[in-house]
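Colleague: I've got this one open on my screen and I'd like to go through the labels with you. Mind if I keep asking where they come from?
Modeller: Go ahead.

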Amino acid sequence: MLRRTFVTAAASMLVALGMFHPAEAEERFITVASTTSTQDSGLFDALLPAFTAKTGITVKVIAQGTGQALDTARRGDADVVFVHAKAQELKFLEDGFGVKRYPVMYNDFVVVGPKSDPAGIAGGKDVAAAFKAIAEKKAPFVSRGDKSGTHSAELKLWTAAGIDLPAVRGEWYREIGQGMGATLNTANAMVAYTLSDRGTWIAFANKGDLGIVVEGDKKLFNQYGVMLVNPTKIPTVKVDDGQAFIDWLISPEGQAMIAGYRIGDQQLFFPNADDPKA
Amino acid sequence: MQQDAISTASILSLLLGDGGHFLGIIFLSLQVTITAVTCAGLVGLPLGAALALSRFPGRTVIIVLVNTMMGFPPVVAGLAIFLLLSRSGPLGDMGLLFTPKAMMIAQFVLVLPIIVALTRQTIEDLWTEYQDHLTSLGAGRLRSIPTLLWDARFSLVTTLLAGLGRASAEVGAILIVGGNIAGFTRTMTTSIALETSKGDLPLAMALGVVLMSLTLAINSLAYGISRVGARFSGKS
């Protein structure tokens, strides 16, 4: 009798669970491999419901560093990539994995650091000089170290500053191999400098003693692009629905929504789909 | 500002606010974990008992291997399953990557060795005790498996709870194979990881408190049921 009670309880539990299917499972959906900055900044939470309401297509976002996102697409596990490292994107296109690259929006990177400012760079406009000072003073610096768009940008900045990173790196240079938010948490805890995209920085809630130390240099420009994964390479790509998402992002409506996403009084991303050179 | 106390009120508003979005996360977590542990129990309990009673060459090696697998690092399990389920992997055509099913598979793989290993130990001890009795009744080793499993049911609840603990606390594997997709594969633990990386530490901690409370509730329930069951079946 007791056995029957057990079995009934277990069975009814299974039935109850089995009847629950996430609604999305039955719907049209596409998978978008994107960056941690678009997720951690909250942009997707603001954009996607509007797109889904209009088209009935659910967008599943996998947030990874740009390098990993492109790799996910190369494996055939995404329909669209939405990332920010132009050189890596062009390589992806050249290898035949992307159909066409569309510029979507930009924001910029900022150098973030502790109030104590051990490298003495606060308030500067010249990012190369600031990076040079950090390296020379061996001030703690936290690097993403994950082949993300931000990591690529950081490596370019060291080169621009005339720093031969492999030669000078030491204990002060800390590569953590994690996303933007985790990197900011680490910089806060280690009283260190780091490079962040502005969107994630504004949305980040654990700023502690950190603040922007360098901003406004042209070298800190950060462009986002979107590409449909090439169906001739990856036959499972959902061409129509994926392209519909891209078309919406670069449409006046999508661009207006990007421009309208604000935290407090700050705009996080600036649409520029109309700039073919971006 | 960040040192906000994690008050009951803030946890409640978290649970009920945002259009029940958070209840969905809890439900998905329970669904994935309970399915994985149930399946692992259905496979692992008989398998563990069979391993306890059978004698064959290489048995010791298998026991050591199963015991080792109890410490299988979740990220490694996650990566292996990711490679299997990826579109370019051997099982890619099934389209399971980044779905709740992929997370269930990952947790099943992690929980199974725990259930097999602990069941084997429990049943082996019981067999030593009952061997003469069962043999005199004419039950062979294979025929004794259901009897022994039934007799050990209250100890085996703890085995299942150990499996449940591993599954519900796990984040490394399901983050890789599920992708932490909002509203689809986002669970309690992956939400905690995400909120931490957004720097929203109070929210992450509040989620942690909710997860711990759920685990406490499940364990209390299981303990209560097995106590009541033991009393009625005349075992204390």
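**Talking through the labels**

Modeller: Let's start with chain B: UniProt, in an unreviewed entry, puts "transmembrane region" at residues 22-49, 61-85, 97-118, 163-183 and 203-225. Bear in mind that this is a predicted model.

Colleague: How much helix do residues 203-225 of chain B hold?

Modeller: That span is 100% helix and 0% strand, with its end C-alpha atoms 33 Å apart. Residues 163-183 of chain B come out at 67% helix and 0% strand, and there the end C-alpha atoms are 25 Å apart.

Colleague: And what does the record call residues 26-222 of chain B?

Modeller: The unreviewed UniProt entry has "domain: ABC transmembrane type-1" there. In the model that stretch is 79% helix and 0% strand, and its end C-alpha atoms lie 19 Å apart.

Colleague: Which residues of α4(B) are called buried?

Modeller: Pro74(B), Ala77(B), Gly78(B), Ile81(B), Phe82(B) and Leu85(B).

Colleague: What makes you say they line one face of α4(B)?

Modeller: Looking down the axis of α4(B), the buried residues fall within an arc of 135°, so one face it is. In general, an α-helix has 3.6 residues a turn, so residues three or four places apart point the same way. The buried residues of α4(B) pack against α5 (100-136) and α8 (172-178) of chain B.

Colleague: Over to chain A. How many of its residues touch chain B?

Modeller: 26 residues of chain A are in contact with 26 of chain B, with contact taken as C-beta atoms within 7 Å. On the chain A side, α1 (2-19), β2 (57-64) and α9 (180-190) each give two or more residues. That side divides into 14 nonpolar, seven polar and five charged residues.

Colleague: How confident is the predictor in chain A?

Modeller: Its mean pLDDT is 91, and 91% of its residues reach 70 or more. Residues 19-25 of chain A are below 50, though, and that stretch has nine contacts beyond near neighbours in sequence.

Colleague: What about the secondary structure of chain A?

Modeller: Twelve helices and twelve strands. Of the 278 residues in chain A, 45% are buried.

Conventions. Residues are numbered from 1 along each chain as its sequence is written. Chains are lettered from A and ligands numbered from 1 in the order in which they are written. This is a predicted model: local features need pLDDT of at least 70, side-chain atom pairs count only at pLDDT 80 or more; totals for chains, interfaces and linings use all residues. UniProt positions are given in the numbering used here, feature names are shortened, and annotations may be inferred rather than shown by experiment. Helices (H or I, at least four residues) and strands (E, at least two) are DSSP runs, numbered from the N terminus. Two residues are in contact if their C-beta atoms, placed from the backbone, lie within 7 Å. Ala, Val, Leu, Ile, Met, Phe, Trp, Tyr, Cys and Pro count as nonpolar, Asp, Glu, Lys and Arg as charged, and the others, Gly among them, as polar. pLDDT is the predictor's confidence in each residue, from 0 to 100. A residue is buried if 20 or more other C-beta atoms lie within 10 Å of its own, exposed if 12 or fewer, and partly exposed in between; C-beta atoms are placed from the backbone. The arc is that of the directions from the helix axis to the C-beta atoms.
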